[in-house]
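Please look over the sequence and the structure before reading on.

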Amino acid sequence: GKGRYFLSDLHHGVLQSCGVVPNLTTLRVNHYPPVTTSLANRPGVIRCGQHTDYGTITLLFQDNIGGLEVKTVSGQWVPARPVPGAVLLNVGDLLETISGGKFPATQHRVIMPTNEEERSKTRQSIAFFVQPDDEVVCEPVGVPDLKYPPTKVREYIERRVGQTLKK
């Protein structure tokens, strides 16, 4: 097995050497403006499309407006209703890779509120995207797995961001 500090050793740039070791860990404030009824009634309109986060984990702080849904391992979308004072933890792509799929990345999206009162309000959340250091090569612990080839963190994140921006 790996040592006691295996995971923290992959994150020096955010945990111990912030600003010294290159690391793409990011804190982002997400703003979802109010939505008019005419826009909300258009087919296929969604606030944020289905995706997974790129790094190891994401810590999400939500307001009370809701709309976040997560996909279960059986493929069903379920609401991740805000709980006052709670922090939601999403598993990211690179933790899925490191765990060889034992911890699958959380598929999630933000849907349009169904009631007009919630649509008329601004939704906000704060996401802390925790990434391993840029030069770390992520691969499954233990036995290699062709489904999870070794991948350098910075290259992977830049590739995923590029794919997202093309959509």
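Which residues does Thr106 touch, not counting residues up to four places away in sequence? They are His51, Thr52, Val70, Asn90 and Val91, where a contact means heavy atoms within 4.5 Å. Thr106 sits in the loop between H4 and E7. Helices (H or I, at least four residues) and strands (E, at least two) are DSSP runs, numbered from the N terminus. Thr106 counts as buried because its relative accessibility is 17%; buried means under 20% relative accessible area, exposed over 50%, and partly exposed in between, with a 1.4 Å probe and protein chains only.

The model is predicted, so local features need pLDDT of at least 70 and side-chain atom pairs count only at pLDDT 80 or more, while totals for chains, interfaces and linings use all residues. Residues are numbered from 1 along each chain as its sequence is written, and side-chain values use heavy atoms, with hydrogens and water left out.

**The chain as a whole**

The protein chain holds six helices and 10 strands. Along the principal axes, its C-alpha atoms fill a box of roughly 50 × 35 × 30 Å. Of the 167 residues in the chain, 34% are buried. Among contacts with a separation of 6 or more, 74% are between residues 24 or more positions apart. The accessible surface of the chain is about 10,300 Å², and carbon and sulfur atoms account for 57% of that surface. These areas come from the Shrake-Rupley method with a 1.4 Å probe; for residues, only the protein chains shown count as cover.

**Two pockets**

Pockets are found on a 1 Å grid over the protein atoms alone: a pocket is an open set of points where a 1.4 Å probe fits, with protein on both sides within 12 Å along at least five of seven lines, and its lining residues have an atom within 4 Å of a point. Grid points are joined across faces, edges and corners, and a volume is the space filled by probe spheres set on the points. For the classes in the table, Ala, Val, Leu, Ile, Met, Phe, Trp, Tyr, Cys and Pro count as nonpolar, Asp, Glu, Lys and Arg as charged, and the others, Gly among them, as polar.

| Pocket | Volume | Lining by class |
|---|---|---|
| Largest pocket | about 720 Å³ | 12 nonpolar, 13 polar and five charged residues |
| Second largest pocket | about 390 Å³ | eight nonpolar, seven polar and five charged residues |

The largest pocket has a volume of about 720 Å³. Its lining has 30 residues, and those closest to the pocket centre are Arg28, His51, Asp53, Tyr54 and Phe129. At least two lining residues come from each of strand E1 (26–32), strand E2 (48–51), strand E3 (57–62), strand E7 (108–110), strand E8 (123–130) and helix H6 (153–166). H6 gives the most, with six residues.

The second largest pocket is lined by 20 residues, and Thr52, Asp93, Glu96, Pro104 and Ala105 lie nearest its centre. Helix H4 (93–98) and H6 are the elements that give two or more residues to this lining. H4 provides the largest share, four residues.

**Cysteines and Thr151**

The whole structure contains zero disulfides, a disulfide being a pair of cysteine sulfur atoms within 2.5 Å. Cys48 counts as partly exposed because its relative accessibility is 25%. Cys138 is buried, with a relative accessible area of 1%.

Thr151 lies in strand E10 (residues 151–152) and, at 13% relative accessibility, is buried. Beyond neighbours within four places in sequence, Thr151 is in contact with Leu94, Val136, Val137, Cys138, Tyr156 and Arg159.

Gly67 is in the loop between E3 and strand E4 (68–71). Its relative accessibility is 21%, so Gly67 counts as partly exposed. Gly67 and Arg81 are 14 residues apart in sequence, and their C-alpha atoms are 7.5 Å apart in space. Leaving aside neighbours within four places, Gly67 contacts Arg109, Val110, Ile111 and Arg123.

Leu39 belongs to helix H3 (residues 37–40) and is partly exposed at 31% relative accessibility. Leu39 and Thr26 are 13 residues apart along the chain, and 31 Å separates their C-alpha atoms.
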